[in-house]
Amino acid sequence: MSTPSSDFMNTLTERGFIHQASDPAGIDALAAKGELTTYVGYDCTAPSLHVGHLLSIMMLHWLQATGAGRPITLMGGGTTRVGDPSGRDETRKILTPETIDANKAEIQQTFAPFLTFGDGARDAVMVDNAEWLLKLNYVEFLRDVGRHFSVNQMLTFDSVRLRLDREQPLSFIEFNYMILQAYDFVELSKRYACRLQMGGSDQWGNIVNGMELGRRMGAPQLYALTCPLLTTASGAKMGKTAAGAVWLNADMLTPYDYWQFWRNTEDADVERFLKLFTVLPMDEIRRLAALQGAEINEAKKVLATEATALLHGRAAADAASETARQTFEQGAVAQTLPTVEVASAILEGGIGVLAAFGPDYTGLVPSTSEARRQVKSGGLRVNDAAVTDERATLTKADLTPEGVIKLSFGKKKHVLLRPV
């Protein structure tokens, strides 16, 4: 398309959010009039969203910030009971309704830093598809909705085809997921005049399915827009680390560890991530992207602080930055490092050093076997001294003058053990 007329499409294009769009000109026209009510769906499979969800959250942020329309965060209280097969090699674990509700309650807090919720025309609204999916009559649904779907076409979608090509089982309940997601789009069109669904590029087939169902069921013209599924410059999946997913909830990943995740960005990714995951002006991003050599580390610190401030607030971001400065530049034991409390009685008896680094205590490494491997390669330190004996124990004799034991994995991951 030519240069967009809306700030929304201009922003998404300039910052690199757009992977596919069904009708860029049509989307742009609605955005320019401020009538682009848009939704993104989030299933409740865990108590927190992770960094992989941030792209779509930022797209909803820019929708609202540019005045293009109303954002809808659709919680999958209904679809989570089925399980999205997209990008999966096996069936998702079926969660109980109680677990789904608990996860949903935790996830809801994630959106507040990025979106303004309320009753205004462009205020964000949170909806749960359980409102309509759990009330469906199966036979009526098959007659009124299911008849619009071609099994031949459904078998060509990546979420189905890739599983079948690898001869991995695909359950009937998963096969129905794309029908339910399509129905969500039509239902949101009726209830909220929603015209656009956004999501990751792996959702393209599902979103187009919803557009086509809307056409067959008499909905206004619906639209699709997807963002790329990000990998780092080295090819790693964005948001996956040796320790697991990079969670957005502070009680699952501390603001300091979140800051460190962004600080560890590869040089080649700094400009792209500044565009996607901060709200810095483009001129400032271009200035930071032009830094060379060791100066690129300053751009990484800005990325880390700005991304953390968006999610956890400016005070938490500045505190994380200062903790990192004290820890790395001054070699100090910063009291604001992530802390794990341990009973004094346990420390009296001694904690095996491998266990201290493992999941039972600090979780700096995923297992004691990995801790053992890191000892052999010199990757673990206690109070900045390399661990050389895998049979060593930590006791009160190891406490620093600050009353803690500092455990370090590599140069950038630190946790304090504090007796209570």
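**Cores, a buried helix and an open sheet**

In this predicted model, the largest nonpolar core runs to 67 residues, and the ones with the most contacts inside it are Phe8, Tyr258, Trp262 and Phe277. Apart from it sits a second, separate core of 30 residues, with Tyr39, Ile72, Tyr177 and Ala224 among its members.

Leaving aside residues up to four places away in sequence, Tyr258 touches Val51, Leu54, Val246, Trp247, Leu248, Leu253, Ala307, Thr308, Leu311 and His312.

Phe277 leads on to helix H13, which spans residues 270–277. Six of the eight residues in H13 are buried, so the helix is largely enclosed by the rest of the structure. The buried set is made up of Val270, Phe273, Leu274, Lys275, Leu276 and Phe277. As for what does the covering, it includes helices H1 (7–15), H3 (54–65), H12 (255–263), H14 (282–289) and H15 (296–312).

Five strands make up an open, mixed sheet, ordered E9-E15-E14-E11-E12. At its edges lie E9 (339–342) and E12 (385–386), each pairing on one side only. Further in, strand E11 (residues 380–382) pairs with strand E14 (residues 405–409) in the antiparallel sense, over three bridges. In that pairing, Arg381 stands opposite Ser408 of E14.

Methods. Residues are numbered from 1 along each chain as its sequence is written. This is a predicted model: local features need pLDDT of at least 70, side-chain atom pairs count only at pLDDT 80 or more; totals for chains, interfaces and linings use all residues. Side-chain values use heavy atoms; hydrogens and water are left out. Two strands pair if DSSP finds at least two bridges between them. Helices (H or I, at least four residues) and strands (E, at least two) are DSSP runs, numbered from the N terminus. Buried means under 20% relative accessible area, exposed over 50%, partly exposed in between (1.4 Å probe, protein chains only). Contact means heavy atoms within 4.5 Å. A nonpolar core is a set of buried Ala, Val, Leu, Ile, Met, Phe, Trp, Tyr and Cys residues joined through side-chain atoms within 4.5 Å.
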